[in-house]
Amino acid sequence: MVNVNLRRYSSRKIPSYIFLFYIFHLVKCSLKIRRGADSWEGAHGFACEWGWRANLGWLLSLLYENKLLVFTVATKETEGFKRFMRSARYFNYTIKVLGRGERWRGGDYMSVPGGGQKVRLLKSALEEVKGEDKIILFIDSYDVVFASGPQEMLKKFQQARHRVVFSAEAVIWPDRHLEDKYPHVREGKRFLGSGGFIGYVPNLKALVTNWTGKDNESDQLFYTKIFIDPEKRKSINITLDYKCRLFQNLYGALDEVVLKFEDGRVRARNLIYDTLPVTVHGNGPTKLQINYLGNYIPRTWTFETGCTICDEDQRPLSGDYPLVVIGIFIQQPTPFVSVFFERLLDLKYPKDRLKLFIYNHEPHHEQHISSFLEDHQKEYRAVKVIGPEVEMDSATSRNLGIDICRQDIDCEYFFSLDVEVVLKNTDTLRILIEQNQPIIAPMITRPGRLWTNFWGALGADGYYARSEDYVDIVSGHRVGIWNVPYITSVYLVKATILRTDLIAENLYQSGSLDPDMAFCLNVRNQGVFMFVTNRQEFGRVVSTENYQTQHLHNDLWQIFENPVDWEERYIHQNYSRIMSENHVETPCPDVYWFPIFTEVACRDLIEEMEHYGQWSGGSSTDTRIQGGYENVPTIDIHMNQINFEKEWQKFLLDYVAPVTEKMFPGYYTKAQFDLAFVVRYKPDEQPALRPHHDASTFTINIALNQMGLDYQGGGCRFLRYDCSIQAPRKGWALMHPGRLTHYHEGLPTTAGTRYIAVSFVDP
């Protein structure tokens with residue numbers, strides 16, 4: 001039999017039909033239990049064992065909603081306010097917003113006292129509230145989230161056994177001289193916080209009745225003076241939430257608060273008092289911490305659900321694409337700039353809806369920009385270029401780029417994109433726009449490191465600190481959209497934000513800070529949220545360390561600093577099939593033929609050698625090699641002549657050695673070589689090469705251009721087997737033993753110029 005004290009609830013002001021429905025449900029449930037049934041499934045799908053409790057909870061929630069009203073002040077709808085309202089809706093709080101549309105005159109009480117406007121608005125709103133048993137929760141909104149519902153709020157309020165309960169904090173504000181007048185407490189926080197309090201209407205009216213101050217005067221000082229007056233404290237019946245059971249203020253308590261994940265919800269837990277506060281307030285200089293907690297509380301992200309808000313309030317793009325200004329910034333010599341522009345071209349976004357602003361501080365990259373614009377400038381709506389001849393620093397260039405969007409009434413977004421960014425996801429711009437956030441960055445990484453383009457937290461000095469969830473976000477163990485204090489390299493900004501909150505012309509300047517640090521500081525100071533998304537894979541950033549510009553194709557030398565980009569640029573797309581699908585041919589005994597170089601790699605290596613230009617004369621006397629004598633000379637340039645021997649050895653070790661070990665089981669190589677060179681064959685220079693053995697354990701011979709297109713004839717013949725390869729494929733490598741068995745010759749090139757890259761490995 002289910003026993004419930006109905007009298008406790010029947011005296012409340014509950015609509016009769018709701019109360020009768022609940023009685024009907026209990027009777028049906030009781031009858032079923034008496035008949036031995038485990039549960040009763042009614043039209044509403046409630047099981048008898050727990051359905052009465054669910055209905056009771058629902059009934060009580062209606063009662064509490066009717067009894068509790070939440071007042072908050074919000075003169076404009078910020079992202080912080082939206083977060084507050086989202087948490088309120090989740091728990092079904094009834095919210096009344098005061099001051100909407102008013103100009104805020106309460107001062108900037110982050111640094112100086114203020115907030116009197118809130119007292120005025122509360123006093124006015126209370127005049128319209130009737131009923132002595134009505135309870136009002138008055139709370140800030142921009143930096144507050146609800147962690148639990150009205151039932152728990154009211155229960156804990158009633159357990160406080162006072163008519164008004166204020167939040168408490170460990171730091172006295174704004175007048176330290178009043179500390180001695182505060183009542184002493186055995187345990188808990190001693191000082192009043194005005195960011196949240198709850199009480200009965202008559203008592204709250206008595207609390208604010210004598211307010212005659214100005215809007216920019218301190219609300220906290222006003223309430224403090226009432227609280228420290230023993231007579232007023234007693235007559236109004238005020239206490240503080242000393243142990244943070246209702247309200248958790250973060251200022252002075254950051255080390256006390258941790259996240260508690262439970263049953264698909266997230267709470268804040270106070271470790272000192274072992275309490276679970278109903279609200280969490282990022283008061284004072286703790287806005288970053290409430291932003292971090294708000295990434296989870298109350299159910300923004302959980303282990304069970306993942307991100308629950310990521311698909312809310314999106315802006316689907318179905319053909320009407322907004323105009324975007326893309327700001328491209330080149331600050332220093334950077335590898336793979338030509339690839340950057342190729343990826344820019346590949347973005348899946350109508351080019352007639354894109355304006356390009358290109359700032360280039362580096363003369364070395366003028367050729368890359370000119371080449372791109374020569375072929376594609378007309379495809380874009382507009383293009384503006386600021387070159388190195390213009391004396392403009394980084395911060396000024398970024399301010400200019402963002403102002404181009406701000407001043408263009410048609411511009412809806414500014415997309416800031418540093419040239420170091422490798423955007424692999426061609427849908428990046430569309431994805432960011434559809435997320436519909438004020439500022440949002442795609443998470444990009446640096447291969448093999450924990451580096452990303454965002455910080456999860458800031459230290460006391462305002463620079464990088466690792467948040468507790470940083471590694472999980474970077475590794476993809478937590479996926480969602482994250483409110484963070486710092487972003488860089490690539491991000492999207494709504495133009496409406498630039499025309500309202502971020503109107504300053506020097507967003508990228510603040511003291512001695514670098515431009516991105518200054519930008520993020522200025523954004524945070526305006527209360528604008530910055531988000532990073534790791535819902536998709538977007539790309540990475542290249543390293544600019546040790547990038548030299550003295551060569552023709554400097555990217556060839558990036559195999560150490562940027563191995564992933566080097567591989568994508570220079571290793572054949574079918575190379576991976578060698579291991580997975582045995583994509584190797586055997587045109588002659590123990591001669592293996594496999595793809596290794598892209599066309600770009602072949603082209604760049606040929607052009608680099610021709611640019612160097614110091615080809616050998618083809619005589620046996622050769623001072624470049626040990627002993628000074630070459631038995632079978634070729635017209636060539638050695639890799640060490642262009643300072644490429646370390647990079648070439650790395651290439652052999654990473655890409656050739658695995659194939660060698662696959663094709664010659666039991667043989668392991670460290671890819672050492674004495675000779676590695678590019679050979680040039682021409683009919684009027686050196687058309688062929690006489691039969692010979694190579695001074696190697698095995699030899700690699702890579703065709704760098706195409707027979708029939710670049711030259712005629714050529715090839716290689718293995719005399720012992722009378723086997724010839726007369727049409728080498730461009731970018732493919734021949735691998736064969738060097739000594740004893742594979743006596744071979746170079747067949748005559750009859751027209752054009754043939755290039756091959758040869759390595760005598762393990763001499």
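**Exercise 1.** Determine which residue lies over the face of W451, and at what distance from the ring centre.

Solution. In this predicted model, the residue over the face of W451 is R446, placed 4.8 Å from the ring centre. A charge counts as sitting over a ring if CZ of Arg is within 6 Å of the ring centre and within 35 degrees of the ring normal. A further case is R729, located over the face of W732 at 4.5 Å from the ring centre.

**Exercise 2.** Classify the ring pair F454 and Y470, and locate both residues.

Solution. The structure holds 47 aromatic pairs. For F454 and Y470, the ring centres are 5.2 Å apart and the planes stand at 50 degrees, so the pair is tilted. F454 belongs to strand β20 (residues 454-455) and Y470 to helix α15 (residues 470-475), so the pair ties together parts that are 16 residues apart in sequence. Buried means under 20% relative accessible area. F454, with 1%, is therefore buried, and Y470, at 3%, counts as buried.

**Exercise 3.** Classify the ring pair W648 and F651, and name the cluster that includes these residues.

Solution. The ring centres of W648 and F651 are 4.8 Å apart with the planes at 50 degrees, so this pair is tilted. Both residues lie in helix α21 (residues 645-663), three residues apart, which is about one turn of the helix. W648 is buried, with a relative accessible area of 1%, and F651 counts as buried at 1% relative accessibility. Ring pairs join W648 and F651 with W557, W566, Y570, Y575, F597, F644 and Y655 in a cluster.

Conventions. Residues numbered from 1 in each chain as written. Predicted model: local features only at pLDDT ≥ 70, side-chain atom pairs only at ≥ 80, totals over all residues. Heavy atoms only, no water. Phe/Tyr/Trp six-rings, centres within 6.5 Å; stacked < 30°, edge-to-face > 60°. Helix = DSSP H or I, 4+ residues; strand = E, 2+ residues; numbered from the N terminus. Buried < 20%, exposed > 50% of the residue type's maximum accessible area, 1.4 Å probe, protein only.
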